[in-house]
Amino acid sequence: MPAATKEMMTARYQEMKKHFSVDLHWQFDEMASRDEHDSRELLVVSSWFLSDSESSRMWREYGGAGDAIAIKSTVRRLIQNVCVPHDPDATHIGRVKYVEHNNHIMTAYEADQGIERAFLKDAEKFGHEKELRIATLSVKTKYCIRPDGESYKESEVQGAGMNNFDQPGVYVAIRFKELVAEVVASPSSEKWLMLLLKRIMKLNNLNIPVSGSMYENA
C-alpha cells in the first residue's frame, strides 16, 4: 500500500473506532497493516514483460548469468491458455500501474481492495519492467495442479482442501503448445542450450520456434 494512502486509511480507521467500545480499538489501530499482510497471504501473481522487443536490462535482472530462456506469448494466449478462474472477483489480468509509490493516493474503495493494490509499483524503481500481471487467489481449485503436474480431483480442493497458506504459490495448468509462441535463449547462454531446446520441441512434437537473443551480451 502506498505510504500516503496508508496514512489516509489509518486516519479513516481512527475516526471509525470512536464509534466502537475501547476493547475493540486495537483492531482499528492495526487494520491498515493487517490489510497489507492479508493481501500478501491471499493473492499470488504471475508477471510478464509487455513489449514488442527484448530488453537487455530485463535479461540482466531476471535472466541471471546462466542459461536462461524467455517464453514469448500474447495477451490473448495468456487469457485463453493459463488455467486460472476467469472470474473478475477472483482473477484479474492487466497492466501494472507505475506511480510515485510514497505519495500516491488511492480512493478508500481502492485501498480496501487487495487486487487494486497488487497492480501498483514504484515508477522510479520498476517502470522499465512494463509489467503485465495475472493476479488470483492463493487457494487450490480445480484449475490448479500438483507440483508433479498431476491434476487435483475436484473433491480434493473443496472446503478445507482449498487452503494453500502453507505454500509460497499455486501451480496452475497451462496449455503449453497454445500458450507459447516462441522460446528465446538468453544472450549469455551456451550453444548447447539452443540445441537442447530444439531437440525437446522435436521430441514432443511441438511446432514452437526456438531462437537466440538479439543481444550478443546482456
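Helices (H or I, at least four residues) and strands (E, at least two) are DSSP runs, numbered from the N terminus. Phe176, for instance, sits in helix H9, residues 176–179.

Two ground rules. This is a predicted model, where local features need pLDDT of at least 70, side-chain atom pairs count only at pLDDT 80 or more, and totals for chains, interfaces and linings use all residues. Residues are numbered from 1 along each chain as its sequence is written, and side-chain values use heavy atoms, with hydrogens and water left out.

Buried means under 20% relative accessible area, exposed means over 50%, and partly exposed lies in between, with a 1.4 Å probe and protein chains only. Phe176 comes out at 32%, so partly exposed. Phe176 also belongs to a nonpolar surface patch, together with Ile69, Ile71 and Ile174. The patch covers about 310 Å². Patches take residues with over 30% relative accessible area and no salt bridge; like charges are joined within 9 Å, nonpolar side chains (Val, Leu, Ile, Met, Phe, Trp, Tyr) within 5 Å. A salt bridge is a side-chain nitrogen of Lys or Arg within 4 Å of a carboxyl oxygen of Asp or Glu. Accessible areas are Shrake-Rupley, with a 1.4 Å probe; for residues, only the protein chains shown count as cover.

Now the sheets. Strands of a sheet pair through backbone hydrogen bonds, either parallel or antiparallel. Here, two strands pair if DSSP finds at least two bridges between them.

S7, residues 182–185, pairs with S8 in the parallel sense, over 3 bridges. Ala185 has Gly212 of S8 as its bridge partner. Contact means heavy atoms within 4.5 Å.

Another open sheet has 3 strands in the order S1-S6-S3, and the pairing is antiparallel. S1 (43–49) and S3 (92–95) are the edge strands, each with a single partner, so one side of each has no neighbour in the sheet. Neighbouring strands are turned by 20 degrees against each other on average, direction ignored. S1 and S6 (residues 131–137) pair over 7 bridges. Ser47 stands opposite Arg133 in S6. Helix H3, residues 31–42, lies across S1 and S6, at about 70 degrees to S1.

On to helix H2, residues 25–29, which holds His25. Is His25 buried or exposed? Buried, at 18%. Beyond its neighbours within four places in sequence, His25 contacts Lys17 and Phe20. Phe28 is buried, at 8%. With residues up to four places away set aside, Phe28 touches Tyr13, Gln14, Met16, Lys17 and Phe20. Its C-alpha is 58 Å from that of Trp192, 164 residues apart along the chain.

Last, Phe126, in helix H8, residues 123–126. Phe126 is partly exposed, at 29%. Not counting residues up to four places away, Phe126 touches Tyr98 and Lys121. Phe126 and Val99 are 27 residues apart in sequence and 9.6 Å apart, C-alpha to C-alpha.

Note on methods
Axes are lines fitted to C-alpha atoms, for helices over the stretch in contact, and angles run from 0 to 180 degrees between N-to-C directions.
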